[in-house]
Amino acid sequence: MSKSTVSLLNDLTEVLKDGQEGFRAASEAIEDPALKTMLSDASLQRSRFSGELQQLVRDLGEEPEKTSSVSSALHRGWINLRASLQGGDAHAIFAECERGEDSAVANYKEALEAELPANVRSVIERQYTTVKATHDKVRDLRDSLKAA
């Protein structure tokens, strides 16, 4: 059971690191100070969350994975962000952020279907609530930017 829990935590950590990098890149491309701050905060949040999951892996007696595979990064949704950044279009940037967040939400939902130790489940549930709220905020901003 511990090995599958470790694998699940490593997978979620990878998703969080992708989100951290995606939000960081998006924050650098956005000119609006409020949107820049929101994206930067989301990047920092993902960094904190990945640190929490890595600590859980250590608590289970394992070392967290240090590398991420290109193939797994490709299917998580952040890959098109770079193209959106080049145009600097806020709506397009938020659309790509939401696509990445769709994947993060799905990964958390899948993780919560697994049999997990209570301490691990509580951390993942708490993080899921925040990840879902961030997803919804990004989606709403994307929609408002399209209307603008």
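Reader: How many salt bridges does the count come to?
Author: Ten. A salt bridge is a side-chain nitrogen of Lys or Arg within 4 Å of a carboxyl oxygen of Asp or Glu. This is a predicted model, where local features need pLDDT of at least 70, side-chain atom pairs count only at pLDDT 80 or more, and totals for chains, interfaces and linings use all residues. Residues are numbered from 1 along each chain as its sequence is written, and side-chain values use heavy atoms, with hydrogens and water left out.

Reader: What makes Glu21 and Arg24 a salt bridge?
Author: Their N to O distance is 2.3 Å. The limit is 4 Å, so the pair counts.

Reader: Why is Glu96 called buried?
Author: Its relative accessibility is 7%. Buried means under 20% relative accessible area, exposed over 50%, and partly exposed in between (1.4 Å probe, protein chains only). So Glu96 is buried.

Reader: And what is Arg99 called, buried or partly exposed?
Author: Partly exposed, because its relative accessible area is 41%. Glu96 and Arg99 still meet in a salt bridge, at 2.4 Å, N to O.

Reader: How do you know that Lys132 and Asp136 form a salt bridge?
Author: Their closest N and O atoms are 2.9 Å apart.

Reader: Why is Lys132 called partly exposed?
Author: Its relative accessible area is 26%.
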